Amino acid sequence: MILNSNTFCHQMIEDQVQVGDLVIDATTGNGNNTRFLASRVGSEGIVFSYHQSQQAANDTAASLLLTGLNERVIVYNNSFANQIQTSEHFKKQRASLAIFDYSSDADNHDQLELNYLHGIQRALNLLKHQGLLLAKFNTIPNDWEAFIDSLFVEDYQQARYQTNGITTFLIERI
């Protein structure tokens, strides 16, 4: 059975994220990934959830409150790429996972920021060793291949999973 991109990513998250971990949902969109991550980190972990609009941030916060997961998530009404300060939490502990979902799975297929690569590079720098970054696209941006080719093979392993409509890139910090 071939998995759809959302199921594939959620299986990768289940394998990667442990109770107590810090994780980043850099492009929250409809909040599905944030809720799933919050269910994985347990009451000791934290999900950092970034939104492009105040309405999306409010919708995610309301959904988290209804599911009882709100205390595990810090919701930002700002894009991850534009977030100036890095949370104090990352000075004590690195992230085990970051997801950038620019696909229809998160209703973000029209939300690619001009400086999205800056955000992805920033997230890679916040990952712990063996930390995983997932990047999902309906349409792969023109500058993406050059970016992933520029990553040092000594520092990162890469793979991709492609379905009919969505390509998921996996980058593991070694």
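**Salt bridges, step by step**

The model is predicted, so local features need pLDDT of at least 70 and side-chain atom pairs count only at pLDDT 80 or more, while totals for chains, interfaces and linings use all residues. Residues are numbered from 1 along each chain as its sequence is written, and side-chain values use heavy atoms, with hydrogens and water left out.

**Exercise 1.** Find which residue forms a salt bridge with Asp101, and where the two partners lie.

*Solution.* A salt bridge requires a side-chain nitrogen of Lys or Arg within 4 Å of a carboxyl oxygen of Asp or Glu. The partner of Asp101 is Lys136, with the closest N and O atoms 3.4 Å apart. Asp101 belongs to strand β4 (residues 95-102) and Lys136 to strand β5 (residues 127-137), so the pair ties together parts 35 residues apart in sequence; strands (E, at least two residues) and helices (H or I, at least four) are DSSP runs numbered from the N terminus. Lys136 is likewise buried, its relative accessible area being 0%.

**Exercise 2.** Determine how Asp105 is placed relative to Lys136.

*Solution.* Asp105 forms a salt bridge with Lys136, their closest N and O atoms being 2.6 Å apart. Asp105 sits in the loop between β4 and α5 (116-126), 31 residues from Lys136 in strand β5. Asp105 is partly exposed, at 23% relative accessible area.

How values were computed:
Buried means under 20% relative accessible area, exposed over 50%, partly exposed in between (1.4 Å probe, protein chains only).
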